[in-house]
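Let's take a walk through a protein together, starting from the overall picture and then peeking into its gaps. Keep the viewer open as you read.

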Amino acid sequence: MCQLLSMNCNTPTDIVFSFEGFRRRGGLTDEHADGFGIAFFEGKGVRLFRDDKPSAHSPVADLVRQYQIKSTNVIAHIRKATQGQVNLANTHPFERELWGQYWVFAHNGNLENFHFSHAEYFNPVGETDSEQAFCFILEQLRQKYPTRPNNQAIFQEVKMLSEKIRAYGTFNFILSNGDWMMAHCSTNLHYIVRKAPFGEAHLIDEDMSIDFNKETTPNDQVAVIATLPLTLNETWTPFAKNTLLLFQNGQPIHL
């Protein structure tokens, strides 16, 4: 299956260190070689980079490393195809507009026989179960709420929809509208919150370390979410199965 990486923080931060370890799993240290993508929220806009080539060897991934974009919400994905051909249309993350905001979604898992029809607002472009699920969630939100409700209502609706969709199979996903990030664990997902006092971290997939104390301020708070832990010497928290968490300003919020 695929793997997920995301970051939510209280100040614009670059994800280069985590992404360098993560991208190596796309065809070098692991088998997720059917494309990759990464989305950065910047104000009301989104920078979205995708390639249907393995992330470990992709010039697009090299560009992301060199660019060092800072963002408060980032979603990345490396693909091992289960449904749909290997092409750009089927490469995560997926992006749509809802209530005047961009929404970005990436999924790890496989949903057997999940289909929906008669969509009025949101339809998939590619062939994946993942994009079908994303469009279904947004369609249900838009049908129920013509205008944007509060965060509590959105969270509860996404939670209910997630329970319906995971009946079809494995449904780990990351969803963000740039204000916050939701992460749903069906089988396997981990997170870490980095805050003062910061220390050093060493990647699992690359001989690379960073001293966050030299790269941050005492007020910084950064939550990183990944399918599997990315570092050797930090304590990652596993999600409980079949749970949805909301992250805002670099910390999990319990709604």
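What you see is a predicted model, in which local features need pLDDT of at least 70 and side-chain atom pairs count only at pLDDT 80 or more, while totals for chains, interfaces and linings use all residues. Residues are numbered from 1 along each chain as its sequence is written, and side-chain values use heavy atoms, with hydrogens and water left out.

First, the whole chain. The protein chain holds four helices and 15 strands; these are DSSP runs numbered from the N terminus, with helices (H or I) having at least four residues and strands (E) at least two. The C-alpha trace spans about 50 × 40 × 30 Å along its principal axes.

Now find strand β1, residues 3-14. Two strands pair if DSSP finds at least two bridges between them. β1 pairs in the antiparallel sense with β4 (residues 70-78) over eight bridges, and also with β12 (residues 221-226), again antiparallel, over five bridges.

Next along is helix α1, residues 16-24. How enclosed is α1? Eight of its nine residues are buried, so it is largely enclosed by the rest of the structure. Those eight are V16, F17, S18, F19, E20, G21, F22 and R23. For contrast, hop over to V60 in helix α2 (residues 59-67). V60 counts as partly exposed because its relative accessibility is 22%. Contact means heavy atoms within 4.5 Å, and beyond its neighbours within four places in sequence, V60 is in contact with F36, F49, R50 and D51.

On a 1 Å grid over the protein atoms alone, a cavity is a set of points where a 1.4 Å probe fits but cannot get out; a pocket is an open set with protein on both sides within 12 Å along at least five of seven lines, and lining residues have an atom within 4 Å of a point. Grid points are joined across faces, edges and corners, and a volume is the space filled by probe spheres set on the points.

The largest pocket has a volume of about 400 Å³. Its lining has 21 residues, with T13, D14, I210, F212 and E215 nearest the centre. β1 turns up again here, giving the largest share of that lining, five residues.

There are also two cavities of 30 Å³ or more. The largest cavity is about 60 Å³, and its lining includes C2, H92 and D129. The second largest cavity, about 30 Å³, is lined by I15, V16, F40, V64, Q68 and I69.

Notes
Buried means under 20% relative accessible area, exposed over 50%, partly exposed in between (1.4 Å probe, protein chains only).
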